[in-house]
Amino acid sequence: MTVTLPNQLDLDQPPPDPLTFAVASRDADVLKLVRNALLAGRARLAFQPVVLTQDHNVVAFYEGLVRVLDDAGRVIPAAHFMPVIEETDLGREIDAAALALAFEKLHDNPDMRLSVNVSARSFADGRWRNVLEAGLTRPGTLGERLIFEISETSAMMLHEVVVRFMEEMQPRGVAFALDGFGGGMTAFRHLKEFFFDLVKIDKSFVKNLANDPDNQVLVEALITVAHQFEMFAVVEGVEKPADAAFLSQIGADCLQGYHIGSPRFALR
């Protein structure tokens, strides 16, 4: 009689190393945490202000950053779970939840403009599209005050999908921001194919900007490219007054970062 052991390992393959096992366990825990949070309605948006460079008291718009709460009510930032779920069906669910929260905030604050991150993969997702259509048909100028932020990587991997979606949304007033500009995959020759209203210059160029000549040249060049294509230039990751002052001198339109304001659940 042949006995087969349950879950028998393939002896021709090496056993998983401890690091691989730990990463797989962590990812499984993250998926469970996010799924449970969505089922329990524990998704939230934290709002970070984006201000005019020449007057930090004027908020151009807020970025709505998705968060989830665990069973104990602790806040889990997107950076802790989006890399794990972004390419999964759960990524589409978190995009839909964030968009629904954004529409509620826009409805409750008629003078507010709000951006929300979205993966290009969600444009073909039925649940996400249902949330979008329901929000755009509500009374008020919700579409005209909504900005979709799309990462360079997402835009370039599905650039035809993004372009078609932009064409569809233009008559409805929705604006688009290219997130992480300069830090990813976008070739400048492709910019004219898109319909981005603004770019958000990657924060990796901004650290210690006032004292880094190389980054100064790069950021100024990216601002020039944005303006050449008639897009506003928002600079992310601004943490020091000296960096904000330098960006004002070289023509950045808007600033975002902890020097300007941290993400908060309540509007400032």
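## A first look at this model

At 72% relative accessibility, Glu-230 counts as exposed. That is a friendly place to start in this predicted model.

- Most residues other than glycine have a negative phi.
- Glu-230 is not a glycine, yet its phi is positive, at about 60°.
- You can find Glu-230 in the loop between H7 and S8, where H7 is the helix of residues 213–228 and S8 is the strand of residues 232–235.
- Glu-230 is called exposed because its 72% relative accessibility is over the 50% cut-off.
- Asn-208 also has a positive phi, near 55°, and is a residue other than glycine.
- The loop that holds Asn-208 runs between strand S7 (198–201) and helix H7.
- Asn-208 has 32% relative accessibility, so it counts as partly exposed.

**Helices H3 and H4**

- Helix H3 covers residues 89–108 and helix H4 covers residues 126–136; their axes come within 8 Å and cross at roughly 10°.
- H3 is therefore roughly parallel to H4.
- On the H3 side, the residues that meet H4 are Asp-89, Arg-92, Glu-93, Asp-95, Ala-96, Leu-99, Ala-100 and Phe-103.
- On the H4 side, their partners are Arg-127, Trp-128, Val-131, Leu-132, Gly-135 and Leu-136.
- Sorted by class, the residues of this contact are 8 nonpolar, 1 polar and 5 charged.

**The largest pocket**

- The largest pocket holds about 1000 Å³ of space.
- Its lining has 40 residues, and Glu-63, Leu-65, Asn-117, Asp-179 and Lys-203 lie nearest the centre of the pocket.
- At least two lining residues come from each of strand S2 (55–69), helix H2 (82–85), H3, strand S4 (114–117), strand S5 (146–151) and strand S6 (175–181).
- S2 gives the most to this lining, with 5 residues.
- The lining of the largest pocket divides into 16 nonpolar, 11 polar and 13 charged residues.

**The second largest pocket**

- The volume of the second largest pocket is about 170 Å³.
- Its lining is made of Ala-60, Phe-61, Arg-113, Ile-147, Ala-175, Asp-197, Leu-198, Phe-232, Val-234 and Cys-254.
- S2 and S8 each supply at least two residues of this lining.
- By class, the second largest pocket is lined by 8 nonpolar residues, no polar ones and 2 charged ones.

Definitions and conventions: Residues are numbered from 1 along each chain as its sequence is written. This is a predicted model: local features need pLDDT of at least 70, side-chain atom pairs count only at pLDDT 80 or more; totals for chains, interfaces and linings use all residues. Side-chain values use heavy atoms; hydrogens and water are left out. Axes are lines fitted to C-alpha atoms, for helices over the stretch in contact, and angles run from 0 to 180 degrees between N-to-C directions. Helices (H or I, at least four residues) and strands (E, at least two) are DSSP runs, numbered from the N terminus. Angles under 35 degrees count as roughly parallel, over 145 as roughly antiparallel, 65 to 115 as roughly perpendicular and the rest as oblique. Contact means heavy atoms within 4.5 Å. Ala, Val, Leu, Ile, Met, Phe, Trp, Tyr, Cys and Pro count as nonpolar, Asp, Glu, Lys and Arg as charged, and the others, Gly among them, as polar. On a 1 Å grid over the protein atoms alone, a cavity is a set of points where a 1.4 Å probe fits but cannot get out, and a pocket is an open set with protein on both sides within 12 Å along at least five of seven lines; lining residues have an atom within 4 Å of a point. Grid points are joined across faces, edges and corners, and a volume is the space filled by probe spheres set on the points. Buried means under 20% relative accessible area, exposed over 50%, partly exposed in between (1.4 Å probe, protein chains only).
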